[in-house]
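Colleague: Could you take me through this structure, one topic at a time? I would like to begin with the charged side chains.

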Amino acid sequence: MAGAVRGRRCRGAVLLLLVASVLAPLVLYGRFPVSPLPDSIVARGAFDRGDGSGPSLVWPHMAASEVSLAKDLTIERLGEHKNRVLSATDDWQAVEVARSHPSEKKIDTWEDPASWDAHQVVAVGNDSAQSTQDDMIKEVVSTDGRADGFHHPGDSKVAEEQDGQGMDEKELQDASEVEHKDGSDASENNIAGTHPAANLTSSLEKESAADTLSDHASINADLATSASSTGHSATSPDATIRIIKDQLIRAKTYLGVLASRGNHGTAKELRARMKDIQRALGDATDDGMLPQNVHGKIKAMEQTLGRIKRMHDGCSGAVNRLRTSLHSTEERLQSHRKDANYLAQLAAKSLPKGLHCLPLRLTNEYYSSNSNNKDFPNMEKLENPKLHHYAVFSDNVLAAAVVVNSTLVHAKKPANHVFHIVTDRLNYAAMKMWFLANPLGEAAVQVQNIEEFTWLNSSYSPVLKQLESSSMIDYYFGSGRARPGENPKFRNPKYLSILNHLRFYLPEIFPKLNKVLFLDDDTVVQQDLSALWSIDLKGKVNGAVETCGESFHRFDKYLNFSNPLIASNFNPHACGWAYGMNMFDLSEWRKQNITDVYHTWQNLNEDRLLWKLGSLPAGLVTFWNRTFPLDRSWHLLGLGYNPNVNEKEIRRASVIHYNGNLKPWLEIGLSKYRKYWSRHVNYDQVFIRECNINP
């Protein structure tokens with residue numbers, strides 16, 4: 001409706017101008033008053049063909065010469081109007097060429113504008129236009145002709161057809177012939193053949209469009225540098241979106257600089273611009289989804305960024321500020337790392353409610369049971385050196401149960417396997433009750449209390465003497481006595497437990513055995529291990545998998561080579577080996593008196609200057625040059641700290657080891673590896689169910 005009304009108004013204006021062109025010379029030169037004529041007569045007689053084929057307008061009291069003069073003046077005035085229309089049309093169409101089809105061939109003949117649609121209003125006549133600005137006009141202004149604020153000739157055509165009041169074909173021919181008599185060339189007749197009302201309407205509205213276009217051109221001039229520097233394609237449907245994102249990146253960079261310089265006013269303005277442009281961007285994925293006012297926001301942002309860039313000082317100042325910011329960030333990062341390390345150690349030392357409930361429930365059941373027979377079957381196998389003996393030292397009932405269960409599941413001859421479990425006084429009843437309630441069939445099991453080893457005391461063991469000293473207790477339970485930057489894992493109270501050092505007393509614990517396979521309680525057996533007892537250790541005491549593949553498992557990562565005692569006895573680049581699955585030849589152990597070697601080094605490390613607490617550094621110095629390397633497939637480490645262990649290697653390994661803080665029974669454990677451990681837990685067992693332990 002609005003288009004139809006606008007078309008009628010423009011046609012009326014055209015008719016009035018044409019009538020004025022005719023009447024003005026008559027008044028000036030004929031000195032006759034002009035009688036008012038009905039609109040219908042004016043409309044029919046405005047153009048006289050002169051050949052009698054059309055209606056002629058007869059003016060009263062006018063001589064033939066005066067009529068001829070008026071006719072000549074009318075023709076001249078019509079030529080002037082035609083030239084204005086052509087000029088405005090040429091300018092507008094040249095812009096449309098750059099906006100719609102910049103790369104198409106030139107069109108020498110003009111078509112009827114009323115037949116063009118929004119994307120076909122093309123003409124190549126403005127070759128001097130700047131290519132960059134033309135491309136940006138097409139990109140930024142709009143790709144939809146009806147959303148850019150321009151009037152399209154096709155709209156006038158539709159409005160006239162709906163109105164039913166357009167000039168008839170005969171009147172258009174009249175205008176065409178009048179112009180031809182004026183000396184216009186043949187190509188101009190094509191334009192003369194269009195509706196005068198449509199042409200003048202387009203001329204008037206194209207002036208407004210030209211103003212709008214100039215505004216867009218100024219925006220494009222500001223953004224041309226941004227578009228070219230970022231490599232944005234002018235024909236891409238999301239070029240404007242990418243320009244906006246580029247502005248946001250630059251704005252965020254400047255925002256940090258402004259904050260460091262105290263330019264709070266400019267920073268506030270920049271934040272406001274960022275909010276405006278982010279709100280305009282929204283979730284748009286192409287330029288057609290952007291609001292119409294986005295170009296103004298882009299221009300405002302570009303102006304703000306340009307002003308900030310001009311007020312910004314040289315590169316040296318920026319470099320200094322960035323260095324200061326980097327130093328501050330690194331300090332905060334180190335602080336956060338320390339906090340994260342401390343929290344990880346704290347989480348590793350914590351015990352889930354289910355695992356706390358389980359030993360309590362088992363202990364209660366053990367002492368409330370009326371059964372007088374609380375001994376295990378197959379006790380005669382415990383000292384038979386021909387069988388396969390395992391040593392497991394643990395205070396975790398469920399973890400020890402997984403080691404035993406996984407070993408028996410994969411054993412070809414379960415009757416040949418004997419498990420020796422040593423625990424502390426608090427968990428002795430619970431550990432014993434578990435294996436009484438879950439018998440192992442033909443395999444044998446023994447549960448021992450470390451308190452029963454009367455020979456293991458502070459007068460015999462240096463480590464016990466050190467653990468009971470006031471300085472050691474103060475180190476663990478005192479406040480702020482640790483060195484700055486010291487790893488909190490070295491203050492883990494687990495090192496206070498003698499269970500951690502019991503592995504160095506295997507010949508004393510099993511005096512009648514020749515070989516023992518030591519397993520940590522955070523391991524899972526995946527294959528039959530019987531072949532390990534057939535391996536010839538070639539006079540070595542310890543059979544273990546070496547860890548040379550990773551640099552942090554070499555000697556210099558565990559021992560203090562700044563101490564001359566360590567530097568003179570060991571190679572800092574020597575391969576470490578894994579504790580957790582070790583075949584110990586107890587016969588050779590006794591021959592080489594390995595326990596005394598361990599005691600010697602432990603006494604030398606009383607002040608903890610040779611290595612920090614733990615069993616692995618002590619094992620490295622004790623079994624130096626006494627370790628036989630096993631094939632790597634026997635023992636795979638890393639499931640308790642490395643999220644990138646190869647799945648094929650996990651499936652191929654005979655024993656997998658959850659060494660590290662991320663144990664599979666803890667919530668912080670790596671979920672991708674937990675399945676290998678949880679498959680050996682019977683979650684339907686009554687005690688596990690009562691303690692609400694779930695996979």
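Modeller: A salt bridge is a side-chain nitrogen of Lys or Arg within 4 Å of a carboxyl oxygen of Asp or Glu. Please keep in mind that this is a predicted model. Glutamate 269 forms such a bridge with arginine 307, and their closest N and O atoms are 2.5 Å apart. This pair links distant parts of the chain, since glutamate 269 belongs to helix H10 (residues 264-281) and arginine 307 to helix H11 (residues 294-311), 38 residues apart.

Colleague: Is glutamate 269 buried, exposed or partly exposed?

Modeller: Glutamate 269 has a relative accessibility of 27%, so it counts as partly exposed. Arginine 307 is also partly exposed, at 33%. The cut-offs are under 20% for buried and over 50% for exposed.

Colleague: How many salt bridges are there in the whole structure?

Modeller: A search of the whole structure finds eleven. One of them joins the side chains of arginine 250 and aspartate 246, at 3.4 Å from N to O.

Colleague: Where do arginine 250 and aspartate 246 lie?

Modeller: Both lie in helix H9 (residues 239-261), four residues apart, which is about one turn of the helix. An α-helix has 3.6 residues a turn, so residues three or four places apart point the same way. Arginine 250 is partly exposed, with a relative accessible area of 24%, whereas aspartate 246 is buried at 14%. Asp246 and Arg250 are also linked with Glu302 in a network of salt bridges.

Colleague: What about glutamate 365 and arginine 361?

Modeller: Their side chains meet in a salt bridge of 3.2 Å, N to O. Both residues are in helix H13, again four residues apart, or about one turn. Glutamate 365 is partly exposed at 26%, and arginine 361 is partly exposed at 24%.

Colleague: Let us change topic. How many helices and strands does the chain have?

Modeller: The chain has 25 helices and ten strands. Of its 695 residues, 45% count as buried. Among contacts between residues at least 6 apart in sequence, 75% join residues at least 24 apart.

Colleague: Which residues have the most contacts inside the largest nonpolar core?

Modeller: They are Phe435, Leu517, Leu529, Leu532, Ile656 and Trp677, in a core of 63 residues. Helix H14 (residues 397-410) gives the most to this core, namely nine residues. A second, separate core has 44 residues, among them Leu467, Phe555, Leu559 and Trp589.

Colleague: What is leucine 529 in contact with?

Modeller: Apart from neighbours within four places in sequence, leucine 529 is in contact with Tyr390, Leu517, Trp634, Ser654 and Val655.

Colleague: Where do tryptophan 577 and phenylalanine 623 sit in the chain?

Modeller: Tryptophan 577 is in the loop between helix H19 (564-567) and strand S7 (581-585), and phenylalanine 623 is in the loop between helix H22 (615-622) and strand S8 (627-630). They are 46 residues apart, and the pair links distant parts of the chain. Tryptophan 577 is buried at 5% relative accessibility, and phenylalanine 623 is buried at 1%. Tyrosine 579 is buried too, at 8%.

Colleague: Finally, which residues form a nonpolar patch on the surface?

Modeller: Tyr342, Leu343 and Leu346 form one, with about 320 Å² of accessible area together. Leucine 346 lies in helix H12 (residues 315-349) and is partly exposed, with a relative accessible area of 44%.

Conventions. Residues are numbered from 1 along each chain as its sequence is written. This is a predicted model: local features need pLDDT of at least 70, side-chain atom pairs count only at pLDDT 80 or more; totals for chains, interfaces and linings use all residues. Side-chain values use heavy atoms; hydrogens and water are left out. Patches are made of residues with over 30% relative accessible area and no salt bridge: like charges are joined within 9 Å, nonpolar side chains (Val, Leu, Ile, Met, Phe, Trp, Tyr) within 5 Å. Accessible areas come from the Shrake-Rupley method with a 1.4 Å probe; for residues, only the protein chains shown count as cover. Helices (H or I, at least four residues) and strands (E, at least two) are DSSP runs, numbered from the N terminus. Buried means under 20% relative accessible area, exposed over 50%, partly exposed in between (1.4 Å probe, protein chains only). A nonpolar core is a set of buried Ala, Val, Leu, Ile, Met, Phe, Trp, Tyr and Cys residues joined through side-chain atoms within 4.5 Å. Contact means heavy atoms within 4.5 Å.
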